[in-house]
Amino acid sequence: MATLALDPRLSTVTASFVNGKHSMLIDGQFVSAASGKTFPVYNPADGEVICEVPEAEAADADRAVRAARKAFDSGPWSKMTPSERSRMIWKLADLFEQHAEEFAELESLDNGKPVSVARVADVPLAVDLFRYMGGWSTKLLGNTIPLSAGLNFHAYTMREPIGVVAQIIPWNFPLLMAAWKLGPALATGCTVVLKLAEQTPLSGLRLAELIQEAGFPAGVVNILTGFGEGAGAPLAQHDLVDKVAFTGSTEVGKLIAKAATGNLKKVTLELGGKSPAIIFPDADMDVAIAGAASAVFFNQGQCCCAGSRLLAHDSVFDQVVEGVSNIAGRIRMGPGLDPATELGPLVSQEQFERVTGYIDSGTKQGAKIAAGGKRHTDRGYFVQPTVIKDVKPDMKVVEEEIFGPVVTAQSFSTDADLERLAAQANDTIYGLAASVWTRDISTAHKMARKIRAGTVWVNCHNVFDAALPFGGYKQSGWGREMGAEVLNNYTELKAVTIKL
Ligand code: ADP
């Protein structure tokens, strides 16, 4: 393949990986798609093609599932002790950490995000997730259960791996999403077919090399590159798959749930959000304003839990809108690989059109732009951080997930009535997250109870930890990722009853 002129800021080792031949990992081998087809990967900062990767289709998905099935049913993996599994996962984490800088560069090149952010967020969080999950292999406990059926019984429960897991991930945190998915699957002893997002396959393909180096037996982890319908749908439908774990849009989540009905495979879904950031008048305003800005502009707003609906008390509303708008105006935009960049481009032309389309729909429906609202430069997929005010609850910009650096600002005036405010916060089909900004501990706890979402942050937003469960109420999903809870989603519970 011709060597492409890549960004000179990339290290030689990363540039040589990107310019190398890219293969998928199936059954312990690096392979091309059965059809030989490839597709281009784009640099979001300039729209240029950076490399080609294999285009997996149903035949490749089938091959990968069969390899995972064999590895689960009869491979050496199925005979490993919990502590051997732990050590292998920790070895992967160590290798991953040794190559942290490469991963930060790949993530920035492929997704567009600032390399400075990938270094302190995506990569260390992913490494930590593997370490945390590796520790769980030896702690998957059951209970002994006293039976009233009679005293001459001994009964206990045990957790067993669910089996072959298909995992389909999005492009907003390519590496972190791979870690969230692979970590618990490996800790519990499952085998995996992971399909990377078509927009951002590079860090996952590099991770595949480290998975081989760490010594996971053939077929335990299979990694595919390809499109949703071509490679994702055959995985979700496959009869030899025991569980599908999906992160992405609510629309596709519903398709996955339908596709899974054929063999009633287990399904977990981490889907969209329209999370409120709620600012009370007693909040520390400097902290709240900076926090509300970061809640929505972090990762170019491409977070399922982005604080995309700003709700501020009417006594501080103008101050909050002005403060967030000032921050929006000051954020330094540029290519992710520029170390000074604070906000990079969106991931793709499609997302660029989607986000600018939403901004246009807001202004057409009568909303006002308080900051941003435009494209930044004429190359790449940059959209200015945008604050929209004068919105009404039924506008598309308020109701729908935009998935870009765009926040709508609404006021509330319920001094005494938290019930009405909670109803406003909960007035969405989603229930992924919310943040509450107040100095009143009582208000904080009351709101935490009233909000129908899987995560409530108080005086912070976008705080993640491998130990904290994450997932959605309502149409934001099924099940939880991370924490101890995720292990239930990767295991079956068996009750054993013995007549003595
Ligand atoms: P986005 O709209 O943000 O790109 P999607 O939900 O479309 O998010 O995609 C998330 C992941 O789901 C990607 O890996 C994509 O390839 C995959 N995907 C898309 N459509 C399907 C489908 N019909 N079946 C299975 N996977 C799909």
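Contact here means heavy atoms within 4.5 Å. Helices (H or I, at least four residues) and strands (E, at least two) are DSSP runs, numbered from the N terminus. The structure is a predicted model, in which local features need pLDDT of at least 70, side-chain atom pairs count only at pLDDT 80 or more, and totals for chains, interfaces and linings use all residues. Residues are numbered from 1 along each chain as its sequence is written, and side-chain values use heavy atoms, with hydrogens and water left out.

Helix packing was examined in two pairs. Two packed helices are described by the angle between their axes and the distance between the axes. Axes are lines fitted to C-alpha atoms, for helices over the stretch in contact, and angles run from 0 to 180 degrees between N-to-C directions. Angles under 35 degrees count as roughly parallel, over 145 as roughly antiparallel, 65 to 115 as roughly perpendicular, and the rest as oblique.

Helix α14 covers residues 418–425, and helix α15 covers residues 441–450. Their axes come within 10 Å and cross at roughly 45°. The helix α14 is therefore oblique to α15. The crossing of these two helices, α14 and α15, is right-handed. A crossing is left-handed if the near helix is turned anticlockwise from the far one by less than a right angle, and right-handed if clockwise. On the α14 side, the contact involves Leu418, Glu419, Leu421 and Ala422. These meet Thr443, Lys446, Met447 and Lys450 in α15. By class, the contact of α14 with α15 holds 4 nonpolar, 1 polar and 3 charged residues. Ala, Val, Leu, Ile, Met, Phe, Trp, Tyr, Cys and Pro count as nonpolar, Asp, Glu, Lys and Arg as charged, and the others, Gly among them, as polar.

The second pair is α3 and α7. The axes of α3 and helix α7 (residues 202–214) come within 9 Å and cross at roughly 130°. This angle makes α3 oblique to α7. Here too, α3 passes α7 in a right-handed crossing. From α3, the residues in contact are Met88, Lys91, Leu92, Leu95 and Phe96. Their partners in α7 are Leu207, Leu210, Ile211, Glu213 and Ala214. The contact of α3 with α7 divides into 8 nonpolar, no polar and 2 charged residues.

Salt bridges were then searched for. A salt bridge is a side-chain nitrogen of Lys or Arg within 4 Å of a carboxyl oxygen of Asp or Glu. The whole structure has 19 of these salt bridges. One of them joins the side chains of Arg131 and Asp94, at 2.8 Å from N to O. This pair links distant parts of the chain, 37 residues apart. Arg131 sits in helix α5 (residues 115–136), and Asp94 in helix α3 (residues 82–98). Arg131 is partly exposed, at 28%. Asp94 is also partly exposed, at 36%.

Another salt bridge connects Glu198 with Lys195, with the closest N and O atoms 3.5 Å apart. Glu198 is partly exposed, with a relative accessible area of 23%. Lys195 counts as buried, at 2%. Lys266 and Glu492 also meet through their side chains in a salt bridge (3.5 Å, N to O). The two residues lie 226 residues apart, Lys266 in strand β11 (residues 266–270) and Glu492 in strand β22 (residues 491–499). Lys266 is partly exposed, at 40%, and so is Glu492, at 33%.

Buried positions were examined next. In helix α8 (residues 228–237), the buried residues are Ala231, Gly232, Pro234, Leu235 and Ala236. They pack against α2 (58–74), β7 (164–168), β8 (191–196), β9 (221–225), β10 (243–247) and α9 (250–259). Gly232, in helix α8, has a relative accessible area of 4% and is buried. Beyond residues up to four places away in sequence, Gly232 touches Ile168, Lys195 and Phe227.

Thr408 belongs to strand β16 (residues 406–412). This Thr408 is buried, with a relative accessible area of 1%. Not counting residues up to four places away in sequence, Thr408 touches Ser308, Arg309, Leu310, Ile388, Val391, Val397 and Val398.

Methods
Buried means under 20% relative accessible area, exposed over 50%, partly exposed in between (1.4 Å probe, protein chains only).
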